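Let's walk through this structure together, going from the chains to one helix pair and back out again.

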Amino acid sequence: MRDYIIRRILYMIPTIIAISVIAFTIIRLPPGDYLTTVIAELSASGAAVDSGTIAALRDRYGLGDPSYIQYLKWISRIVLHGDFGLSFEKNVPVNALIWDRLGATFGISILTLLFIWAFAFPIGIFSAVRKYSMGDYVVTFFGFLGLATPNFLLALVLMYVSVRYFGQSVGGLVSPEFIDTAWSWDKAIDLVAHIWLPIVVIGASGMAALIRIMRANLLDELYRPYVVTARAKGMSEFSLLLRYPVRVALNPFLSTVGWMLPTLVSGEIVVSVVLSLPTTGPMLLRALLSQDMYLAGSIILIASLMTVLGTLLSDILLAWVDPRIRYQ
Amino acid sequence: MSATIAEPRLVLAGQWTLFWWKFRRHRVAVAGLGVILALYLVAAFAEFLAPFPPDLPNTRYTYAPPQALHLFMDGAFAPHVLGYKVQIDPVAMRRVFVENPAERIPVRFLAEGPAYDMWGLFPMRTHLIGVDRPGQPLFLLGADRLGRDLLSRVLYATRVSLSIGLVGVTISLSLGVLLGGLSGYFGGAIDTIIQRLIELVRSIPTIPLWMGMAAAVPTSWPPLRTYFIITLIISLIGWTSLAREVRGKFLVLRHEDFITAARLDGLSDLAIIYQHMVPSFLSHIIAAVTLAIPGMILAETALSFLGIGLQPPIVSWGVLLQESQNIRAVASAPWLLFAPGAAVVTAVLALNFLGDGLRDAADPYA
Amino acid sequence: MPDPLLRIEDLRTHFFTPEGVVKSVDGVDLTVTPGRTLAVLGESGCGKSVTARSILKIVDRPGRLVSGRMLWTRPDGSIADLASLPPTGPAIRAIRGREIAMIFQEPMTSLGPITSIGDQISETILLHHPISKAEAKSRTIAMLRRVGIPDPEARIAAYPFQLSGGMRQRAMIALALCCAPRLLIADEPTTALDVTTQANILDLMRALQAEDGMAMLFITHDLGVVAEIADEVAVMYLGRVVEQASVDAIFHAPRHPYTRALLRSIPRPGSRARLEAIRGSIPHPLARPAGCAFAPRCDQAIPGLCDTTPPDAYPTEAGSVRCHLHA
């Protein structure tokens, strides 16, 4: 088990390096060098730009140096000082802006993951055991519909319904009167009353996919010889179902977290724009549109890293559950 | 074995016949195939099917609601729509359109209408449906904020969105077959490197990555260039599932007896791949490709919706949906959301059904 | 003859497939005597495995028991008709694993892949006995020791993929025998094993049978295994028992033309005679011959009789035979 974890962590290192290179490339993608952007931004904000500031910036970002030096300067400041650079638009360190938002994004993504599991698991089992029943067809139909509906579209439809028929807007994570207040019971309850909508919206397509996966996995296992053995032991159908085929089918199900998490984070980012949630989505979109590249690049970098980390955790969890992986 | 070598066409025909028989049993998949063929026909003949060009404004009818198409008048077949009357909603204090039963606007088939170039080549004026006089309202799916006909815009958008799916999947497929094939056929270090690459691409949340790349596309670029670069960006990430599929098949086939036999016969690697391996998993690839197109369409829709994918004047489903980002606009003109939204859901649903049916038909053990 | 432990009369198990009804078991009669071994011999597809599964009512869909009786003598002396018990009800479940146990052909896939073998065995013991977990564990260890698994205290934590094929089959036998059943149904338990392991497993099963005094119903296609383990033999062909007799009678005085043909198709030490394959092939399950199922392949078939009228079972000195030649 320990060897397995060490090996997985070693595998992760090139991935992390590659992600940082990609993030850096994205920072550099917009045409023109940042200094132009900075000067443009600074003069637009009315600040006086003296040559000393420009020289300091030039040195700080390694402008004029070859790309790889720039990359090294950028990455070493992140690794050594936790310094992600400046948000040009707001003229504050990226650090001051992103962490709350990233926390909210990952909080919502993980809640969504739990929500998906809690429902997809029993529904998938039901759908497999009662294959070709009325219930199975209903589940399958909604599953396909969920897969085919982009989550932002679902968000828009739900918002339309609530505005049109309930006369209220459902955006945000808390009601407007709570936005700047300290945490209290009332605020927590208000949060719960709001947060279910993004969770359902973001989770819909993932849930549909997971139900189909669970159903297919279980159908694969349901007619295996070991199920017959368990039946021949005298176990009841229900307990043998949970004890054997469901347990085996559970593992590929758990391993889906590896691609679920990136998908959910992606979905959260689009949906949060629609529902105007205080998460990374609106901030990233705004940063990209205004070419505030250090902010955008840092968000992409950290969101990707956290996803990779989440995937690692899920792999370890999987090895812990499945002896076949643990003893490899 | 000898039969396979002597009469490959016969054996292949058998395989495809079996494939078709199995596929036919899935009624939803066959229905999906029908819908997809219809949608691609729409995409091909959008200019002819649309009553108006997509960007023809009609300022008298901004946000006009959809009209009902009446087929009969006084018991005789005479398709027509009713004109609009403008009223002021006393509560909301805004203009609302109501049907005007006094004004009947006949709907003509194969009508002469605004000029267009079919496929950009042939100047034509004939539309499938149209009105007698220019300026008469015909908004079967409603109008947008500039009074443009939403039906026409959705029809034109079908061409863009569906072709992005096809072009994107072609690029993805080339990448996927190349890298997946290398990985599965040679194995060893090449396989490890490519597998790591695939894992890397899959572990990054796609939307932020797409957003980062798409946002770098200058808005000043000509539409066609934007179209291709966005398609390329989408397919750069979509190739991994196809590569996995191809690799898996190669790994299984590599140890099959008939491949060993071909190798012992002295065939080159390329000849083995193209003459023996590809035909035996082509049906799987077709299924995987069909299932990959919806992802492309959804990606384009999401990016354009956010305003960093395709830009007007290109019309795609995502570009149309961008208009409904404002929930106030949607509340008063829900057709802006539901018409393109229904188009996306229909296309993706049909492709998924079709792909599922193809996959089942391709798998001899299912 | 003592009273039979299990008497199967006119058992019919059919599979209702979209292509038609496959009559896998179509009128089987069998008698199992306490403490003795009945081998059911036949080619693949003759219905021997389906017969075995029908007894425990674990035939997978679309298979269904259509008719017949299976009279089982309970430990208290009462008689239960297994055929009439609902297949998922508590009555048959109390018999499964406790009174009648079964071992399967493929030890790799017949054990749950991610549950330790110790858990799989003690779970069965706990299912049928009101004892503590600790006691179930010590019984499990004792059982593993009896089937010859070395270091059973450590091996109870092992997973099936960590054991060799022979060890897995031993674990499977331990699983079947952990509740001391009165009848053990063994469905080709040695087919998937190599020859040496095969012999070890057969020896083990015989020894355990001698200790526990249980009866065995041994399904096999292997005449060598039959000679090794059986007291009685039932030869099956296309869903029916064509001949039942003592093992000596089968080998030395086979009556049915099919049994004789089978015996001619195996090599004998010292004999220089050519091996004879049975002419033709088994008919398609959906196209059963009208009369005797073996008639199309039988050298002695009587035209006008064997190909039109199914033969009854006729008594012989050592059992019975279903053939017009012995009417």
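A crossing of two helices is called left-handed if the near helix is turned anticlockwise from the far one by less than a right angle, and right-handed if clockwise. Keep that in mind as you look at this predicted model, where the crossing of α6(B) and α8(B) is left-handed.

Two packed helices are described by the angle between their axes and the distance between the axes. In chain B, helix α6 spans residues 188–203 and helix α8 spans residues 223–254; their axes come within 9 Å and cross at roughly 140 degrees. Because of that angle, α6(B) is oblique to α8(B); an angle counts as roughly antiparallel over 145 degrees.

Which residues of the two helices make the contact? On the α6(B) side you will find D191(B), Q195(B), L197(B), I198(B), E199(B), V201(B) and R202(B). From α8(B) come I237(B), W239(B), T240(B), S241(B), A243(B), R244(B) and R247(B).

Now turn to chain A, which has 15 helices and 2 strands. Of its 328 residues, 51% count as buried. Take the contacts in chain A between residues at least 6 apart in sequence: 71% of them join residues at least 24 apart. The accessible surface of chain A comes to about 14800 Å², and 67% of that belongs to carbon and sulfur atoms.

Finally, how do the chains meet? Among the 2 pairs of chains that touch, the most contacts are between chains A and B. Chains B and C do not touch, and their nearest C-alpha atoms are 13 Å apart.

Conventions
Residues numbered from 1 in each chain as written. Chains lettered and ligands numbered in written order. Predicted model: local features only at pLDDT ≥ 70, side-chain atom pairs only at ≥ 80, totals over all residues. Heavy atoms only, no water. Helix = DSSP H or I, 4+ residues; strand = E, 2+ residues; numbered from the N terminus. Buried < 20%, exposed > 50% of the residue type's maximum accessible area, 1.4 Å probe, protein only. Contact = heavy atoms within 4.5 Å. Areas by Shrake-Rupley, 256 points an atom, 1.4 Å probe, with all protein chains shown as cover. Axes fitted to C-alpha atoms, helices over the stretch in contact; angles between N-to-C directions. Parallel < 35°, antiparallel > 145°, perpendicular 65-115°, else oblique.
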